[in-house]
Amino acid sequence: MKQWKKLLPALLSLALLVSCGPKRPGTDTSVGDVSAPGTAAPFVFTRDSLPRLDGSTSTAPMAQAMCAVLLGEGREQVADLVQFSRTTQSYRNLMAGAADLLLAAEPAPEVAQELKQEGEWLLTPFATDALVFVVNEDNPVDSLTTEQVRKIYTGQITNWKEVGGEDLDIIPFQRNSEAGSQTLMEKLVMDGLEMMDAPEAWVPDSMMGLLEAVREYDNSPSAIGYTVYYYANDMEMAKGLKVLTIDGVSPSAEAIQAGEYPFLNPYYVAMAKDRPQDDPTHILYDWLLGPDGRRLAEELGYVPASDAGEPLIPVEVDWSKLDEQEKPLPDIGGRWYQERVEQLRPSQEYGQLVPFEGAAGYFSWQADNWPETLIGLMTTGGKVVMDPVCSEISRLYYTDDAGDSQTLPVWELEKGDPERGSPGNGALIALAAQDGSWVTEFRYWGVKGTPVGIFAGDGHKLYLLRQEDGTEKASWSWDQLGIARPESFPWFTGDAYETAQWYDGGFFLGCWGENWDKALFLDPETGEVTALAAQDWYDRIQKRYQDTLWWDSKTDGQGQVTLTYGTDSFTFPSPLPEEEFPYVTGGDRVIFNDTQGDRCAVSLLNGQEVLPAQDGQVEALQGDEASWLAVRKDQGRQWNIYDWKGELSCTLEGEEESWLSLSGPLLELRCRNYTAYYEPESGTCVFRTWFSLGDRGGEAQEPAG
């Protein structure tokens with residue numbers, strides 16, 4: 001930050017390439033026969049000719065509306081063209097040739113220096129932005145001075161009573177160093193002062209995360225944060241928040257345009273300086289700086305910069321696309337292979353794979369309920385590698401001798417086949433590595449994980465497969481196992497799901513004999529089959545269940561809850577005194593949900609607060625890599641996602657009765673007609689699939705452009 005004043009002349013020189021004197025942007029590049037303004041035939045943008053766009057998160061709505069009016073498509077249809085990578089990365093993408101045109105906030109000082117070193121660029125303001133400060137609407141403080149803001153963010157002012165508010169600690173949220181709003185904060189407000197080191201929980205990864213954190217922190221009006229004017233002016237985003245007056249000036253479009261508000265900064269349109277005048281990128285650059293670009297900015301709630309005059313090359317525009325009220329959710333995601341893939345193709349390139357829900361249908365007796373879906377596989381980045389053809393996809397596991405579940409890095413893929421499938425339910429099963437590096441054909445009637453490998457059976461044999469690559473380790477005919485007809489095997493008929501399980505070093509094959517009085521076990525090392533009296537087997541299973549420890553919870557009617565696990569006991573005040581049945585998950589998280597589903601809380605076994613009592617229902621989502629706490633609000637219309645320590649990570653918008661679960665490391669938000677998949681750390685949607693049975697058939701759509 002201390003280097004900013006040294007770098008400022010370099011950045012200004014970039015802007016001055018196009019902003020000095022009466023010359024219009026870009027007129028330093030000559031073109032052959034260019035007609036006078038208004039006489040040339042309008043240029044018509046198509047998806048093929050539209051420049052590759054990038055920029056700041058806060059300019060994405062402008063870019064999306066721009067694409068809509070230029071291409072004559074709805075805003076939701078062009079969302080795939082506006083996958084912005086945020087301020088700092090977008091400038092680096094421009095320099096690397098990975099983007100043609102940016103709509104972005106001012107670059108950070110180090111990025112401005114990189115721009116100066118990497119080439120010549122045109123950067124011209126198309127709108128004026130303002131950094132504004134927000135608090136919870138219940139905070140009585142309405143205004144601050146610049147000096148007070150600085151002292152709050154350097155840690156000199158720590159209590160709201162010092163600035164005329166209540167006796168509450170100030171929780172100053174800030175953004176990460178890559179965020180455009182952080183650059184604005186350091187440049188416009190701090191003026192060289194070092195900001196206080198903030199705990200990780202006070203540095204949300206997204207603007208939505210910051211606004212949500214300020215709105216709901218600790219159910220009190222103690223937090224403050226900053227955002228750009230565009231977000232603060234959005235009624236939905238600003239719900240529950242109050243924008244502060246600074247130095248006696250309230251941020252408004254009029255105050256910003258007049259230069260009265262203290263913290264102002266431009267949004268830039270940027271491109272390489274050597275683009276020819278008739279290049280589509282240069283045409284769009286000029287259009288954004290002309291009357292149409294100004295009109296678009298105004299209609300979207302931005303504060304436009306000065307009008308640069310009519311562009312030399314007019315552009316065809318369909319303004320009706322701004323008037324469309326419906327904004328359906330866009331397709332998000334893509335395909336690894338362009339053609340349909342019904343059998344997973346092994347590859348070392350996928351990385352971790354996760355199941356996703358695809359095409360769906362309703363049975364006649366459940367038309368008022370949710371549809372049954374087919375399942376496919378995709379990468380964690382949202383690229384489909386196998387289309388939705390399975391009735392079920394699940395991870396293989398086994399129960400060890402202690403009664404604990406052990407998960408294997410193997411997917412069980414199941415679909416129906418009336419001719420080759422299991423005699424009980426028609427299931428035909430394939431196996432695949434969790435990362436898709438190996439896969440078997442759909443050929444088995446049943447599979448089961450064990451500590452020595454995967455047992456898989458069909459109408460011919462029982463196989464033992466290696467979990468590392470799915471190859472055969474050993475096999476036995478059904479005659480060798482003493483089973484005359486595999487069609488009668490309870491594992492396949494569905495009569496006894498507890499058949500085919502690992503127990504005490506052997507593989508249980510079910511109970512057989514004239515009176516079903518013999519329990520058979522296979523030793524996979526020797527191939528020997530031994531028999532045990534069926535009643536002895538039942539007694540052993542019963543003992544295993546009885547020996548398994550379970551958490552027991554009790555309340556004393558006075559607000560104290562006691563949780564007991566074997567000889568361990570924990571007693572502490574309940575955050576929901578009326579709740580009698582909390583449960584323990586993940587080893588030490590105690591989940592409280594009241595019986596009406598209206599209030600919830602999470603604590604540790606020592607009573608320490610993880611999530612304070614609040615409205616909604618909470619559920620623990622436990623994964624292999626990380627676990628999360630999901631609070632369901634307003635009957636599923638909103639989900640607040642917290643990390644395992646109780647820090648807010650992101651907020652997702654659902655719909656009534658939507659539900660949330662984990663699919664690998666991704667959050668799976670299940671709604672009536674679609675399912676969306678999000679990165680829990682950022683709330684970024686990487687894939688959305690629709691339950692259509694029409695032309696799309698639930699297949700993921702590759703973003704155009």
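Predicted model: local features only at pLDDT ≥ 70, side-chain atom pairs only at ≥ 80, totals over all residues.
**Figure 1. Asp247 sits in the loop between β8 and α9.** Asp247 is not a glycine, yet its phi is positive, at about 50°. Is Asp247 buried, partly exposed or exposed? Its relative accessibility is 41%, so Asp247 counts as partly exposed; the class of partly exposed residues lies between under 20% for buried and over 50% for exposed.

**Figure 2. Asp504 sits in the loop between β22 and β23.** Asp504 is a residue other than glycine with a positive phi, near 50°. Its relative accessibility is 56%, and Asp504 therefore counts as exposed. The strands on either side of this loop, β22 and β23, are shown in the next view.

**Figure 3. Four strands form an open sheet in the order β22-β23-β24-β25.** The pairing in this sheet is antiparallel. The edge strands are β22 (501-503) and β25 (529-533), each of which pairs on one side only. On average, neighbouring strands of the sheet are turned by 40° against each other, direction ignored. Between β22 and β23 (residues 506-512) there are 3 bridges, in the antiparallel sense. For Trp502, the bridge partner in β23 is Phe507. In general, the strands of a sheet pair through backbone hydrogen bonds, either parallel or antiparallel.

**Figure 4. Helix α13 lies across β22, β23, β24 and β25.** The helix runs at about 80° to β25. Trp537 is part of α13, which covers residues 534-547. Is Trp537 buried or exposed? Trp537 has a relative accessibility of 3%, so it counts as buried. Which residues does Trp537 contact, leaving aside its neighbours within four places in sequence? They are Gln501, Tyr503, Phe508, Cys511, Ala519, Phe521 and Leu532. One of them, Cys511, is 26 residues from Trp537 in sequence, while the two C-alpha atoms are 9.1 Å apart in space.

**Figure 5. Four strands form a second open sheet, in the order β33-β34-β35-β36.** Here too the pairing is antiparallel. At the edges stand β33 (617-622) and β36 (648-653); each has a single partner strand, so one side of each is left without a neighbour in the sheet. Neighbouring strands are turned by 25° against each other on average, direction ignored. The antiparallel pair of β33 and β34 (residues 627-633) has 6 bridges. Gln622 stands opposite Ser627 of β34. Helix α7 (residues 207-216) lies across β34, β35 (638-643) and β36, and runs at about 90° to β35.

**Figure 6. Helix α2 is mostly covered.** How many of the 12 residues of α2 are buried? The count is 10 of 12. The buried residues are Ala60, Met62, Ala63, Ala65, Met66, Cys67, Ala68, Val69, Leu70 and Leu71. They pack against strands β1 (53-55), β2 (101-104) and β3 (121-136), and against helices α10 (280-289) and α11 (291-299). The length of α2 (residues 60-71) can be checked: at 1.5 Å a residue, its 12 residues should span 16 Å, and its end C-alpha atoms are 16 Å apart, which agrees. The expected span uses one less than the number of residues.

**Figure 7. Helices α5 and α6 pack at an angle of about 130°.** Helix α5 covers residues 146-154 and helix α6 covers residues 180-190; their axes are 10 Å apart. Why are the two helices called oblique to each other? Angles under 35 degrees count as roughly parallel, over 145 as roughly antiparallel and 65 to 115 as roughly perpendicular, with the rest oblique; at about 130°, α5 and α6 are therefore oblique. From α5, the contact is made by Val149, Arg150, Tyr153 and Thr154, and from α6 by Met185, Val189 and Met190. By class, the contact of α5 with α6 has 5 nonpolar, 1 polar and 1 charged residues.

**Figure 8. The protein chain has 13 helices and 40 strands.** Of its 705 residues, 52% are buried. Among contacts with a separation of 6 or more, 55% join residues 24 or more positions apart.

Note on methods. Residues numbered from 1 in each chain as written. Heavy atoms only, no water. Buried < 20%, exposed > 50% of the residue type's maximum accessible area, 1.4 Å probe, protein only. Contact = heavy atoms within 4.5 Å. Pairing = 2+ DSSP bridges. Axes fitted to C-alpha atoms, helices over the stretch in contact; angles between N-to-C directions. Nonpolar A, V, L, I, M, F, W, Y, C, P; charged D, E, K, R; others polar.
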